[in-house]
Amino acid sequence: MLATGLIVVGGCQRNTESLNDSPRDQRQSINQLEQRLEKLERLLSENKERIGPQTKPDQKTPSGRIKSLTFRIGTQDDRLRIYWADGTKSDLPCTKEQFIWACG
């Protein structure tokens, strides 16, 4: 019980000390935070340039799980069909190059 009271009193003392910081100390802390923020923004912009633009999700492609796939070949419309968990389906046309099928 006594230890709990000491922790509470100690916690209150630390909080009042930070409230009593001088305006100069507060300005210095704010300046340091602004410098860190500028550095992070600069690093983010450098990484974006290095990685390239982010691709936007295809509006035709549902987000969610795939329920099943079918692959149709040897017909007039060779395709890969994706059945989505939400009940929709997507068809991807397929072509054969040498011995490899490519769909999309």
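Me: Why is Asp77 called partly exposed?
Reply: Asp77 has a relative accessible area of 38%. Partly exposed runs between the buried limit, under 20%, and the exposed limit, over 50%. The value falls between those cut-offs, so Asp77 is partly exposed. The model is predicted.

Me: How do you know that Asp77 forms a salt bridge with Arg72?
Reply: The closest N and O atoms of Asp77 and Arg72 are 3.6 Å apart. The cut-off is within 4 Å, so the pair qualifies. Arg72 is partly exposed, at 36% relative accessibility.

Me: What makes the contact of Arg79 and Asp77 a salt bridge?
Reply: Their side chains meet at 3.7 Å, N to O. That is within 4 Å, so the contact counts. Arg79 itself has a relative accessible area of 8%. Buried means under 20%, so Arg79 is buried.

Me: What makes Arg81 and Asp91 a pair that ties parts together?
Reply: Start with the contact: the side chains of Arg81 and Asp91 meet at 2.6 Å, N to O, in a salt bridge. Arg81 lies in strand S2 and Asp91 in strand S3, so the pair links parts 10 residues apart in sequence. Arg81 is buried at 14% relative accessibility, while Asp91 is partly exposed at 40%.

Me: Which residues do salt bridges with shared partners join into one network?
Reply: Arg72, Asp77 and Arg79. A search of the whole structure finds three salt bridges.

Me: How do you know that S1 and S2 pair?
Reply: Strand S1 (residues 66-72) and strand S2 (residues 79-84) share six bridges, in the antiparallel sense. Pairing needs at least two bridges, so these strands pair. Phe71 stands opposite Leu80 in S2. In S3, Leu92 is the bridge partner of Leu80.

Me: What makes S1 and S4 edge strands of the sheet?
Reply: The open sheet has four strands in the order S1-S2-S3-S4, paired antiparallel. S1 and strand S4 (100-103) each pair on one side only.

Me: Why are Cys94 and Cys103 called a disulfide?
Reply: Their sulfur atoms are 2.0 Å apart. The cut-off is within 2.5 Å, so Cys94 and Cys103 form a disulfide. By this rule the count is one disulfide.

Me: What makes the disulfide of Cys94 and Cys103 right-handed?
Reply: The torsion about the S-S bond is about 110°, so the disulfide is right-handed. Cys94 is buried, with a relative accessible area of 8%. Cys103 is partly exposed at 35% relative accessibility.

Key:
Residues are numbered from 1 along each chain as its sequence is written. This is a predicted model: local features need pLDDT of at least 70, side-chain atom pairs count only at pLDDT 80 or more; totals for chains, interfaces and linings use all residues. Side-chain values use heavy atoms; hydrogens and water are left out. Buried means under 20% relative accessible area, exposed over 50%, partly exposed in between (1.4 Å probe, protein chains only).
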